[in-house]
Amino acid sequence: MALFVHLTPEKNAKGIARSGIKLGPRGVFCVPMVPSYVISHQWLRELRRGGQRTFVAVDFRIPDDEPVTVTALPLLR
């Protein structure tokens with residue numbers, strides 16, 4: 001099973017703990033969890049540019065046989 005991390009504003013933490021991550025119209029944004037904390041959470045810096053200051057990291061697993069769609073997003077500059 002692959003391990004992923006989803007970063008979300010802290011205000012969403014209770015709802016996620018109760019009901020799980022909700023699938024949005026564009027899916028769920030996540031990155032694979034790697035041994036380096038800095039690499040796994042690098043995009044947190046980009047999210048803070050939007051004004052939100054406090055985030056929580058939600059770790060979740062996807063079974064190897066589960067089909068997924070991957071979309072590459074342009075880099076923020």
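These legends walk through a few views of one predicted model. Local features need pLDDT of at least 70, side-chain atom pairs count only at pLDDT 80 or more, and totals for chains, interfaces and linings use all residues. Residues are numbered from 1 along each chain as its sequence is written, and side-chain values use heavy atoms, with hydrogens and water left out.

View 1. Starting at the N terminus, the order of elements is β-α-β-α-α-β. The C-alpha trace spans about 35 × 30 × 30 Å along its principal axes.

**View 2. Three strands make an open, antiparallel sheet in the order S2-S1-S3.** Strands S2 (31–32) and S3 (55–62) are the edge strands, each pairing on one side only. Two strands count as paired if DSSP finds at least two bridges between them. In general, strands of a sheet pair through backbone hydrogen bonds, either parallel or antiparallel.

**View 3. A closer look at S1 and S2 shows two bridges joining them.** Strand S1 covers residues 2–9 and runs antiparallel to S2. Look for Phe 4, which stands opposite Pro 32 in S2.

**View 4. Pro 35 lies in the loop between S2 and helix H2 (37–40).** Is Pro 35 buried or exposed? Pro 35 counts as exposed because its relative accessibility is 89% (buried is under 20% relative accessible area, exposed over 50%, partly exposed in between, with a 1.4 Å probe and protein chains only). Between Pro 35 and Asn 12 there are 26 Å in space, C-alpha to C-alpha, and they sit 23 residues apart in sequence.

How values were computed:
Helices (H or I, at least four residues) and strands (E, at least two) are DSSP runs, numbered from the N terminus.
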